[in-house]
Amino acid sequence: MTCFERSASTWVKVDIVNSVDLMSEQSKQNRKEHHTDLYDGDDLILRRGQTFLMWLDLSRPFDPTTDKLHLELKTGAAPEVPKGTLAIIPLVDELQDDRWEAKIVKEEGDRVQLSVNSIPTAVIGIYRLSVVTSGQEAELTSIHQPADNIYMLFNPWCEDDAVFMDEEEERKEYVLNDIGRLYYGTEQQIGVRTWNFGQFSGGMLASCLFVLEKSGTPASGWGSPVNIVRVVSAMINSPDDAGVVEGNWSGDYSDGTSPAAWSGSVEILNNYHDGGGTPVRYGQCWVFSGVTTTVLRCLGIPTRSVTNFSSAHDTDVSLTTDVYLDESLDPLDSLNVDSIWNFHVWNDCWMSRPDLPPGMGGWQAVDATPQETSQGTFRCGPAPLTALRSGQVYLQHDCPFVFAEVNSDKIYWQRNLDGTFTQIHNEKHIVGHHISTKAVGSDERYDITHLYKQPEGSEEERIAVETASRYGSKPETYSAPSAEDVSVQVTLDGDGPLMGSDAELSITFTNGSSEQRSVFLHSQVAVMYYTGVHKATLRRDRTEVDLPPDMTSVEWTLLYETYQGQLIDQAALMLTLSGRVSQTQQVLATQFSFRLKTPDLLIKPIGKAAVGKTMKAEISFTNPLPHTLKAVMLRIEGLGLLSIRKIAVGDIASQASFSRIETIVPTLSGPRKLLASLDCEELTQVHGVVSVLVGDQ
């Protein structure tokens, strides 16, 4: 408290603030009405555009005829009113929306209770409060600065906030749900794992605001969700700003944590904060997405993790995925820099877009995985899904890249004898399938492909593709015709091959003509990073296939001995087929990604679950491989059940079973999930989850 006065005899004319009660406890009215009572701790956490209460303890009863009082809220390094980082809040008789104002709503002796209104465009972040009182003579001023800060967040419950979301069930899912589901694998073999977002856990709000501070961006820009998601998209990865997570797709994680071993964001963000901003090793796309969901939900922006299967990575803004072949139709690996990832995980965020034409608000694609730069920085989005669906790729931000991820055509080019290339084939329906996110209010997978693109093969979808291509680097792509009386398709039975067994696929040719056809087929199977990057070729074959009218199927088998010891991370493989129909010179070409399924960890709760009461859980696993798993690590965690627990299991022999019982003492009641993951050099992506209903103490 600071008091300025002309003389010792006059200071009593100023009503001095002895203390301020921000009513910040989790159980108090402020936190409950602002939907922030789930955040750990007793700080005052508010959502903008909404009133909150505080008590002032004065040196004497407040006299509105002679006493003057106003509040000041400051954020950032150099608070200024024009920049929105300094709010001067006057005392008024009646509060009005869209204004910083305060009103006395209750008086009890020397105490007054204020209702304070914030504006729906307020800068988010940490505010410092000052209560300024003065007498009739302005020179006499008392300033009281409470020790506790005020945290301001976005407000999806406020109609005037840019992140307003109308449906309560959606707000519960996309803002308040602290656990979710991430999808991976291939479009034929969709896998799922549970992820602890943990945005309300102890230290998370401080860690998330630390991420913004480390970006070095001015606080004056923190009122716009568009700006915030661009900052977060850049800061979750590490290449150009020492952000939260360092990416690693090499397969060697010996000096960090394997991306597949993480099962939540809390440890990652706490490590980054505690380390003073040192990037955490290591992550891949699902880790970047999971951490992004945590940060943005924590800050109040509705967010979900989204997986796109057969996700293209366009490197030259052509809005096509280009495959280059030599004169013999063999792939030219040195030129094939575009790729199709088996899956890629990014985020959707909900907000209005006043910076764009009407109709572009709603879900926006945001990607924190460092792939291509945007305005000189590794970040992507927000790109409006409405613009992507219609091919309006000229709108901000990064629509061309995201459009290519979900709806680019795959163009095959053959090298001519003079070194030029000719377009020989176009696969129109190969990219952007089963775009998936967790459903609202359940653990089911929700397919949102229809939000990103028109129905595959429809006239509307073709118009969107051709509209987008006009803004790419190869606008002439769609002038080349191709014959289509013979087609080829690769399929697998059921859920696909298991790790440790032979992989069997079916190649089906359809001859739509009434005449005999034959094709000289080139096939190549390669080990792939899930990003679509080639690691090693396992086998090449060339064979002639006779094609009578109608359908012809050929069985294709990859022996376990061929891929043993060659796989990485996601156990991803790609079969590339190419050939020319002898009678018509039509070119056939396709690529088929598949993975070898890994077994689940089985988790079985033992005993009744109640807060403060000991229970147990049995975790079991059987090694499916014909050789020993070395140096196996087990990781278990569960929000409200137990903190992250890492266990060195050791070696597990071929076909041997492992079982372990862990003791758990729940700390929170209600429906909870217990997660476990198993990791070793020979086998990754082994995880399990079980629901636990915890009773009250």
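Predicted model: local features only at pLDDT ≥ 70, side-chain atom pairs only at ≥ 80, totals over all residues.
UniProt positions are given in the numbering used here, feature names are shortened, and annotations may be inferred rather than shown by experiment.

Residues are numbered from 1 along each chain as its sequence is written, and side-chain values use heavy atoms, with hydrogens and water left out.

- Cysteine 285 lies in helix 6 (residues 285-299); helices (H or I, at least four residues) and strands (E, at least two) are DSSP runs, numbered from the N terminus.
- Cysteine 285 has a relative accessible area of 0% and is buried; buried means under 20%, exposed over 50%, partly exposed in between (1.4 Å probe, protein chains only).
- Aspartate 367 sits in strand 19 (residues 362-367). Aspartate 367 is buried too, at 2% relative accessible area.
- The side chains of aspartate 367 and histidine 344 make a polar contact at 2.7 Å. Such a contact is a pair of N or O atoms within 3.5 Å; within protein, one must be able to donate a hydrogen and the other to accept it, and residues adjacent in sequence count only if both atoms are side-chain atoms.
- Beyond its neighbours within four places in sequence, aspartate 367 is in contact (heavy atoms within 4.5 Å) with residues including Ser233, Trp346, Arg379 and Glu405.

**Annotated binding site**
- The unreviewed UniProt entry places "binding site" at Asn407, Asp409, Glu456 and Glu461. These residues are spread over 55 residues of sequence but cluster in space, with a largest C-alpha distance of 11.4 Å.
- Asparagine 407 belongs to helix 8 (residues 399-407) and is buried at 3% relative accessible area.
- Not counting residues up to four places away in sequence, asparagine 407 touches Val431, Lys453, Glu456, Glu461 and Val465.
- Aspartate 409 is in strand 23 (residues 409-415). Its relative accessibility is 0%, so aspartate 409 counts as buried.

- Three strands form an open, antiparallel sheet in the order 34-35-38; two strands pair if DSSP finds at least two bridges between them.
- Strand 34 (602-606) and strand 38 (657-664) are the edges; each has a single partner strand, so one side of each lacks a neighbour in the sheet.
- Strand 34 and strand 35 (residues 615-622) pair over five bridges. Lysine 604 has glutamate 618 of strand 35 as its bridge partner.
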